[in-house]
Every structure is written in C-alpha cells, then in structure tokens.
Amino acid sequence: IILMDEFEERKKKWYLDVRNTPCARGALMAGILGGGAIGILYFAKTKIVRRSCDIAVASFFISSLTSWEVCRYQKAKQRAEIKRAVKILNSVPQVQDGNRGKIETI
C-alpha cells in the first residue's frame, strides 16, 4: 500500500519535477532560445510588437515540442539497442561462472 501511495503522489506531481524528467530541460532551453530568436528576428523585420510576441510564443511551443519528441525518440531507440545487446550477451554461454553472470535489463 505504501508503494502505491508513493506512486500516486509522484504521478500527481510529475509536472513540478522538471529536473528529473528526461528531455525536459533540453526541450525547454531549445524552446526558449528558438522562440526568442525567431521573435526578435520577426520584430527586427516588421517592427510589429504584438505579432512578434505571438510568433515568439508559437515558435517556443513548436521548438520545445520538436526537441522533446526528438530526444524521446533517441532515448527509446537507445533503450531498444541496450535491450538487444543484453539479449545477445545473455544468449552467449558463460565460460567460467556458468549462468551466474547473467545481465539484467534496465
């Protein structure tokens, strides 16, 4: 029961713990930099403040989401490669220790 309570508590507050969320920091940084740069460039070209802010916010969301998805895809791909490597290593017979040297998946 204690483990389930901790799980439920973590599940409710996942959005508050950005430091430990994979890919979140990089995605937010890419969004901030991308949104700011595009907003400034658009303002320099048109001199329209409101539209430049709209463009900056939209590009922030697009940059953040794109960066997030690319990072998550790369992590999933890496995780699949690790599982494949572990499976291959576990299928090779152990010479000295018999089956004591089994490798566990992540």
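Which helix is included in what covers the buried residues of H2? Keep that in mind while setting up the view: this is a predicted model, in which local features need pLDDT of at least 70, side-chain atom pairs count only at pLDDT 80 or more, and totals for chains, interfaces and linings use all residues. Residues are numbered from 1 along each chain as its sequence is written, and side-chain values use heavy atoms, with hydrogens and water left out.

Select residues 24-46, which form helix H2 (helices are DSSP runs of H or I with at least four residues, numbered from the N terminus). Its 23 residues reach 32 Å from first C-alpha to last, close to the 33 Å expected at 1.5 Å a residue, where the expected span is 1.5 Å times one less than the number of residues.

Next, colour Ala-24, Ala-27, Gly-31, Gly-34, Gly-35 and Gly-39, which are buried in H2 (buried means under 20% relative accessible area, exposed over 50%, and partly exposed in between, with a 1.4 Å probe and protein chains only). Their cover includes helix H3, residues 49-91, which answers the opening question.

Leaving aside residues up to four places away in sequence, Ser-52 touches Gly-39, Tyr-42, Phe-43 and Thr-46 (contact means heavy atoms within 4.5 Å).

Return to H2 and select Met-29, which is partly exposed because its relative accessibility is 43%. Finally, step just past H2 to Lys-47, where the backbone takes a positive phi of about 65°.

Terms used: Helices (H or I, at least four residues) and strands (E, at least two) are DSSP runs, numbered from the N terminus.
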